[in-house]
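Let's take a walk through this one together. Have a look at the fold first, and then we'll go piece by piece.

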Amino acid sequence: MGPSVGRKSLEQLFDRFTEDLGSIRPEESGTVRCPLCLIQFDKSGLISGDLTEEHIIPGAVGGRKKTLSCKYCNNTHGSQMDSHLAQGMKALRAFEGFGSLDSFVEIAGHKVRADFAIRSGEKGDPLTIRIRGASPSAIEEIKSALSGNQVRGLKANMHLGYADGRFRLALIHAAYLTLFEVLGYRYVLSEGVRHFWTTLSPGSDDQYTTIKALTASISPLSPELPTPTCVFPITAKEFPSSPPLAYLVVLKLTTKPRYYGAILPSEHVAKDNIFEMLRVVSAELAAAPLHVAVRMPTGATSSPGLQTS
Ligand SMILES: [Zn+2]
């Protein structure tokens, strides 16, 4: 019996990334580094299970493509960020009228757990609250209050189940893995990118303001992007032919697509003032109408160009 399908694709990832690492650090050939924590592994990491395949975009929000990471980072980020991404998408869908939200409702003096469903169609009630988990006496009181027209207002406490900072960090995480996939170790090993990632990664100080400035939802793109992840290099306006300062990574989440953008530094920038530079880039992108021209040369699988005007 040969290796399982999962093991085989993991081996292919190992071979591809060990070749890439060896090309820039010949003394490390035969090994790989986890793109997130940079811990080094040789091929025995495939057998021990220390090296894993990790979804670039979490599977729960429609991602299929995988890259290489270590078991520790894969498990940690899974619980710390990706669940927030999945839960956040669920909440956004519920507000659009699909599925329901777990919440607490205060009604007739009782605080009860309820499912909130919002419907925007013409038929049926626009808002349905299905109470669950209340005591029979509480339900009776609520019923009589509702039938007696005594309810003037409802106080609802939505339990969204995700934190915006973690949701956005998961976007940066997916964008970072996208750039690792496209550019390899020259991206994740560069000084500026390393500084960026270690400053923002989970467990570091609260960087919510920065994380918020570097991520945004993008209105539906037409035509749809050819791939679930797309990388747009951003160059300085005054020096259009110089290497990019940053990348705008556009991520397509779920099967009913919703697009997000994350701005990450390029591998060409030094770590000093990197966050100031990114804030300027993001402010410029947000202020000017952006014309994204998806130029896909035949045979290309990623990295379309970006034009601003
Ligand atoms: Zn790791």
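What follows starts with the whole chain, then turns to a sheet and to a pair of helices.

Keep in mind that this is a predicted model. The protein chain holds nine helices and 12 strands. Of its 309 residues, 29% are buried. If you take the contacts between residues at least 6 apart in sequence, 58% of them join residues at least 24 apart.

Four strands make up an open sheet, in the order 9-12-11-10, with antiparallel pairing. Strand 9 (215-218) and strand 10 (229-234) sit at the edges, each pairing on one side only. On average, neighbouring strands here are turned by 25° against each other, ignoring direction. Ala-216, for instance, has Gly-261 in strand 12 as its bridge partner. Packing on this sheet is helix 9 (residues 274-287), which touches strand 10, strand 11 (246-253) and strand 12. The direction of helix 9 makes about 145° with that of strand 12.

On to the helix pair. How do helix 3 (residues 71-95) and helix 5 (residues 164-183) cross? Their axes come within 8 Å and cross at roughly 110°. Angles of 65 to 115 degrees count as roughly perpendicular, so that is how helix 3 and helix 5 lie to each other. At the contact, helix 3 brings residues including His-77, Met-81, Asp-82 and Leu-85, and helix 5 meets them with residues including Arg-166, Phe-167 and His-173.

Methods:
Residues are numbered from 1 along each chain as its sequence is written. This is a predicted model: local features need pLDDT of at least 70, side-chain atom pairs count only at pLDDT 80 or more; totals for chains, interfaces and linings use all residues. Helices (H or I, at least four residues) and strands (E, at least two) are DSSP runs, numbered from the N terminus. A residue is buried if 20 or more other C-beta atoms lie within 10 Å of its own, exposed if 12 or fewer, and partly exposed in between; C-beta atoms are placed from the backbone. Two residues are in contact if their C-beta atoms, placed from the backbone, lie within 7 Å. Two strands pair if DSSP finds at least two bridges between them. Axes are lines fitted to C-alpha atoms, for helices over the stretch in contact, and angles run from 0 to 180 degrees between N-to-C directions. Angles under 35 degrees count as roughly parallel, over 145 as roughly antiparallel, 65 to 115 as roughly perpendicular and the rest as oblique.
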